[in-house]
Amino acid sequence: EKIRIEIISLGLTESRIASDETIQQLFVECRLYNFLAEETPLSLPKPTSGQRIHYNYSNVIHVDKANNRARREYLKSMLLKPDLHGDSLRFTVVSDPPEDEQDLECEDIGFAYVSLREIFQKKRDIIEQDIDVFDSQDDSAVIGKLKVTVEALHALRSVYEECKDD
């Protein structure tokens, strides 16, 4: 009764992000709809072209009936109403200002998505897979690859079985 998310590593392509001197440290936030945002505890130095930075961060979102009814209801509605936009986990790559420039804001530089509905339909979790990171200023431009694991199939099946019982 849980969804396990792992943020493994990030690599950047040649893009405005790679050449932007003000972007030095990066962390990744993961959000499920409007419930939950988790972020990697560390921000790491921006990788150079062809290199990856490794977060090896893992998190579990509990969706059991007893304690997490709202999340469960959300998953139910997502499986039953295909037009619902919030069917994805959203990963946000965020630029963390350097220690000596704390007056600067954290800035969202890119987004990546994993569709929970797709995991359910294809009947397979995403295991150590590279997903495209799209530029926050131009969502047609890919600025990098984020390697993630999303284990949600078991929880989604459980929620779906419950839908059929209702």
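Predicted model: local features only at pLDDT ≥ 70, side-chain atom pairs only at ≥ 80, totals over all residues.
Rings of Phe, Tyr and Trp are taken as a pair if their centres lie within 6.5 Å. The ring centres of Phe-120 and Tyr-160 are 5.0 Å apart and the ring planes stand at 55 degrees, so the pair is classed as tilted. Distant parts of the chain are linked by this pair, with Phe-120 in helix α3 (residues 116-122) and Tyr-160 in helix α4, 40 residues apart. Phe-120 counts as buried because its relative accessibility is 17%, whereas Tyr-160, at 30%, counts as partly exposed.

Helix α4 (residues 153-165) also packs with helix α2 (residues 69-80), at an angle of about 75 degrees and with the axes 9 Å apart. The two helices are therefore roughly perpendicular. On the α2 side, the contact is made by Arg-72, Leu-75, Lys-76, Met-78, Leu-79 and Leu-80, and on the α4 side by Leu-156, Ser-158, Val-159, Tyr-160, Glu-162 and Cys-163. In this contact, 8 residues are nonpolar, 1 is polar and 3 are charged.

The largest nonpolar core comprises 43 residues, of which Leu-89, Phe-91, Leu-116, Leu-146 and Val-150 touch the most other members. Beyond residues up to four places away in sequence, Leu-146 touches Ile-7, Ser-9, Leu-10, Val-28, Arg-52, Phe-91, Ala-112, Gln-129, Asp-130, Ile-131 and Val-133.

Apart from neighbours within four places in sequence, Asn-59 is in contact with Ile-3, Arg-4, Ile-5 and Glu-38.

Conventions. Residues numbered from 1 in each chain as written. Heavy atoms only, no water. Core = buried A, V, L, I, M, F, W, Y, C linked by side-chain atoms within 4.5 Å. Buried < 20%, exposed > 50% of the residue type's maximum accessible area, 1.4 Å probe, protein only. Contact = heavy atoms within 4.5 Å. Axes fitted to C-alpha atoms, helices over the stretch in contact; angles between N-to-C directions. Helix = DSSP H or I, 4+ residues; strand = E, 2+ residues; numbered from the N terminus. Parallel < 35°, antiparallel > 145°, perpendicular 65-115°, else oblique. Nonpolar A, V, L, I, M, F, W, Y, C, P; charged D, E, K, R; others polar. Phe/Tyr/Trp six-rings, centres within 6.5 Å; stacked < 30°, edge-to-face > 60°.
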